[in-house]
Amino acid sequence: MCAQHEKYKVLLVDDEPIILRSLKVAIPWEELGLTIAGEARNGEVALRLIEETAPQIIISDIRMPVIDGIALMKEVLPRSSRLIFIFISGYGEFEYAREALRQGAFDYLLKPIDHDELTEMLTRAKAKLDRQKENEQMLLSVQTLSMLARERMLAEFTQGNPRPLQHLKWLENSELEGEYFMAVVRLDDYSALTAQWSAEEKRLWLFAVRNILEEWSLENGVLSVFPFYNGEWILLFPGSLGSVKRELGEQLIAGIKRYSKLVCSVGISRSTRGINQLSTVYPLASKALYQRFYSGQAGVFIDEETPVSGSREVKYPKELELALIESIRTLNLERMLGLFDEMAAFIEAQSLPQELAERLIIEMIVVLYRQFEHLNMHSDWSLEGLLSRLHGLGTLSSMIAALKIEFREWMLESSKTTSREDGRSVVEKSKRYIEANYHKDLSIEEVAEVADLSISHFCTLFKQISGYTFLEFVTHCRMEKAKYILGSSNVKVYQVAPLVGYQDPRYFTQVFKKATGKTPTEYREEHAQQAN
């Protein structure tokens, strides 16, 4: 593979010139497939050189003036988590070296430098970079060529749509035919966070978390990772990792906290088989996350380990939940209030003890709150505050009455919000944004942010009003522009591809022929003949 021939760049950082000189001449850089991108005498200069040269490996003294090695690493790793740091440490600096490893350093060696030992470390570092490169190439292979389409397909299956994107049927024969399980990663206090962030800050934070998850996924055997709701991502793991579910969840929480400083919780489902089971395991992983509200702190919550209060087996009123969700979607206040009465009747008919009744009500509330959030219809409502108030009430009737008051206010406020901008104008705004940015690496997440809708709500609304899926409309814009360029200029075909958003000219040709029935060259020749 080409990764084997690529020369990775190394930055040398040390305040002792003699060490810099010895490193440059004593290590067989060419033989290792490495090249020295630059050298710095302190961490401050190193920061500038990292920006300018984008090295893959940094060899740094651990103790330096201005900015020391650990501070340097902590500064740059959140922005580029694949950077490999190798530290040089004095004999009296074991604590610094251990701290460096805890903070994410690849390895360290003691002074005086043993050049053979450093050569061996660099060999291992290059092997790690090669593996990462190979993983990236695998991810960009034919099987995952259309990442947006794959994510959309998986999201639709997760929502319960059994026949999404028929023209991409080839994507269904995937690794999900084998055993797998789902992890739902959800940012804690997402509503409070979004109230603090501007629209641009929100986009950047979600983009940062997605990058962290994607890089972690590449290194940990994840089958697929994709955003679902805003503030929530889904990861699919092979069943072979089932014995280390908790460890995987803890790594995810630690990674997101380390690189973004954001706190999240992880819900993990039981194992299953087949892509059609996505809509079955998502509620399991999501409901495992409800335990977050009982535990009082972020953590990993596993479906098989979710405790059941008491010894009774209570059938969850799924049909009632679906009816309540539909009443929220249609902003039918009268129907919603009536369904809360049906919930009370269901609990009374089951003669549930208070603890079980409270748990069922809270599970239902969380589902409904997520629906408001999914439709972007909440403002600064406090789910935690509502749950806390309910816990202090002693009777079923008082809990149902409190729910009616709270959800009535939410529904009325949502009705005012949704009347501000109708769906058609939202879609038109989204189409204008796509038409202005189709030539970029445009993601559905980015356009949903512009529309101020959740991804799944945006997809549904966009299809209903425009008649296109997001991917179809992006492709339509690209093909129209490509036809214009081919028909009105002499730009070479391989140069047209990047102008309309495709980095691979061969893939551009395939898409163009599928859309028009002709190759770009054939289209140009036919257009030239018609002009004559």
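**Questions on a predicted chain**

User: Which residues does S89 touch, not counting residues up to four places away in sequence?
Analyst: This is a predicted model. S89 sits in strand β4, residues 84-89. Leaving out residues up to four places away in sequence, S89 touches I62, A97, Y108, L109, L110 and K111.

User: Is S89 buried or exposed?
Analyst: The cut-off for buried is under 20% relative accessible area. S89 has 0% relative accessibility, so S89 counts as buried.

User: What distance separates the C-alpha atoms of S89 and R63?
Analyst: Along the chain, S89 and R63 are 26 residues apart. In the model, their C-alpha atoms are separated by 7.6 Å.

User: Which peptide bond ending at P112 is cis, and what is its omega?
Analyst: P112 lies in the loop between β5 (107-110) and α6 (115-139). The bond in question runs from K111 to P112 and is cis. Its omega is near -10°.

User: How much of the chain counts as buried?
Analyst: The chain holds 24 helices and eleven strands. Among contacts between residues at least 6 apart in sequence, 68% join residues at least 24 apart. Of the 532 residues, the share that counts as buried is 48%.

User: Which residues of helix α3 are buried?
Analyst: Helix α3 covers residues 43-53. The cover over its buried residues includes β1, β2 (34-40), β3 (57-61) and α4 (69-76). The buried residues themselves are G43, A46, L47, L49, I50 and T53.

User: Which residue caps the N-terminal end of α3?
Analyst: Look for a side-chain oxygen by the backbone nitrogen of E44. One lies 3.0 Å from that nitrogen. The oxygen belongs to N42.

User: Is K261 buried or exposed?
Analyst: K261 lies in the loop between α10 (245-260) and β9 (264-268). K261 is another residue that is not glycine but has a positive phi, near 70°. The cut-off for exposed is over 50% relative accessible area. With a relative accessible area of 64%, K261 is exposed.

User: Which side chain makes a polar contact with the side chain of D303?
Analyst: D303 is in the loop between β11 (300-302) and α13 (318-329). At 10% relative accessibility, D303 counts as buried. Not counting residues up to four places away in sequence, D303 touches I268, S269, R270, L284 and A288. The polar contact, at 2.4 Å, is with the side chain of R270.

User: How are α13 and α14 oriented relative to each other?
Analyst: The axes of α13 and helix α14 (residues 333-350) come within 9 Å and cross at roughly 160°. An angle over 145 degrees counts as roughly antiparallel. So α13 and α14 are roughly antiparallel.

User: Which residues of α14 meet α13, and what is the handedness of the crossing?
Analyst: From α13, the residues involved are L320, A323, L324, S327 and I328. They meet R335, M336, L339, F340, E342 and M343 in α14. The crossing is left-handed.

User: Why does the pair α18 and α19 count as oblique?
Analyst: The axes of helix α18 (residues 423-437) and helix α19 (residues 444-451) come within 9 Å. They cross at roughly 135°. That angle makes α18 oblique to α19.

User: What is the handedness of the α18 and α19 crossing?
Analyst: V426, K429, S430, Y433 and I434 in α18 meet E446, V447, V450 and A451 in α19. The crossing of these two helices is right-handed.

User: Which element has the lowest mean pLDDT?
Analyst: The chain averages a pLDDT of 80, and 82% of the residues score at least 70. Strand β1 (residues 8-13) has the highest mean among the elements, 94. The lowest, 63, belongs to helix α12 (residues 291-295).

Notes:
Residues numbered from 1 in each chain as written. Heavy atoms only, no water. pLDDT = per-residue confidence, 0-100. Helix = DSSP H or I, 4+ residues; strand = E, 2+ residues; numbered from the N terminus. Buried < 20%, exposed > 50% of the residue type's maximum accessible area, 1.4 Å probe, protein only. Polar contact = N/O pair within 3.5 Å; in protein donor to acceptor, adjacent residues only side chain to side chain. Contact = heavy atoms within 4.5 Å. Axes fitted to C-alpha atoms, helices over the stretch in contact; angles between N-to-C directions. Parallel < 35°, antiparallel > 145°, perpendicular 65-115°, else oblique. Left-handed = near helix turned anticlockwise from the far one by under 90°.
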